[in-house]
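Subject: Structure handover and notes

Dear colleague,

I am passing on the structure we spoke about, and my notes on it follow below. Please read them with the coordinates open beside you.

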Amino acid sequence: TRIHGRTLTDDYFWLRRKNDPDVRKYLEAENAYTAAVLRPTEAMQKRLYDEMLGRLKQTDVNVPYKDGGWLYYTRTEEGKQYPIYARKRIDDPRHPGESRGQEEVTLDVNAMAAGHGFYSVGLYAPSDDGDLLAYTVDTTGYRQYELHVKDLRTGKVFSDVIPRVTSAIATSCGVVTITEPDKGIACASVS
């Protein structure tokens, strides 16, 4: 790469070749070296980890936000790695922000992540009427998100998946607006 008349060389670009046996061998050697160097600090690492974990509230609920006739929030449960996305219907319009409805889990990321080495939910966008949910998932760790759409009335996730999505908006009429790198904005109809 040339920038401002200077040639820049990335000596580690070859590490992007994930399926190359030399990359794997190099990373395993680096991991072994790191483990050997840090071995004398293992007791301290464990003590620090336990202290930090002891200060975290593992079972917790974030502050809900109102969207349409729903309160949306995420919660975590002790011993589980990923959040649970949920919502409750707002029952009484005279008391906005209060909910007496039953919790409806919209995404249980712990269940969704089963069998994956990496799992991250990026975008979470319910439609205006609360019937559809557009959400993106990265299973590579390279922030390469795939768009999924779920019908929240039935719990069905549509089988069509759109790869490499950077943003999306779900609407009440079943249209999802998508932004893909190098492609711009597109619209898809969900039925």
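Strand E5 and strand E6 (residues 84–89) pair in the antiparallel sense, with 6 bridges between them, and within this pairing Arg 75 stands opposite Ile 84 in E6. Please keep in mind throughout that this is a predicted model. E6 is also joined to strand E7 (residues 104–108), again antiparallel, by 4 bridges, and here Tyr 85 stands opposite Leu 107 in E7.

The antiparallel pairing of E8 and E9 extends over 5 bridges, and Tyr 124 has Tyr 135 in E9 as its bridge partner.

On the packing, the largest nonpolar core has 14 residues, and those touching the most other members are Tyr 85, Leu 107, Val 109, Tyr 119, Val 121, Tyr 124 and Leu 133. Two or more residues each come from strand E5 (70–76), strand E8 (120–126) and strand E9 (132–138), with E9 giving the most, namely 3 residues. Leaving aside residues up to four places away in sequence, Leu 107 touches Pro 83, Ile 84, Tyr 85, Met 112, Val 121, Tyr 124, Leu 133, Tyr 135 and Lys 150.

The aromatic residues deserve a separate paragraph. A search of the whole structure gives 5 aromatic pairs. In one of them, the rings of Tyr 72 and Tyr 124 have centres 6.3 Å apart and planes at 75 degrees, so the pair is edge-to-face; because Tyr 72 lies in strand E5 and Tyr 124 in strand E8, the pair ties together parts that are 52 residues apart in sequence. Tyr 72 counts as buried at 1% relative accessibility, and Tyr 124 likewise counts as buried at 15%. The rings of Tyr 82 and Tyr 119 also form an edge-to-face pair, because their centres are 6.5 Å apart and their planes stand at 80 degrees. Both Tyr 82 and Tyr 119 are buried. Ring pairs furthermore link Tyr 65, Tyr 72, Tyr 85 and Tyr 124 into a cluster.

Finally, the charged end of Arg 87 sits over the ring of Trp 70, at 3.5 Å from its centre.

With best wishes

Technical notes. Residues numbered from 1 in each chain as written. Predicted model: local features only at pLDDT ≥ 70, side-chain atom pairs only at ≥ 80, totals over all residues. Heavy atoms only, no water. Core = buried A, V, L, I, M, F, W, Y, C linked by side-chain atoms within 4.5 Å. Buried < 20%, exposed > 50% of the residue type's maximum accessible area, 1.4 Å probe, protein only. Contact = heavy atoms within 4.5 Å. Pairing = 2+ DSSP bridges. Phe/Tyr/Trp six-rings, centres within 6.5 Å; stacked < 30°, edge-to-face > 60°. Lys NZ or Arg CZ within 6 Å of the ring centre and 35° of its normal.
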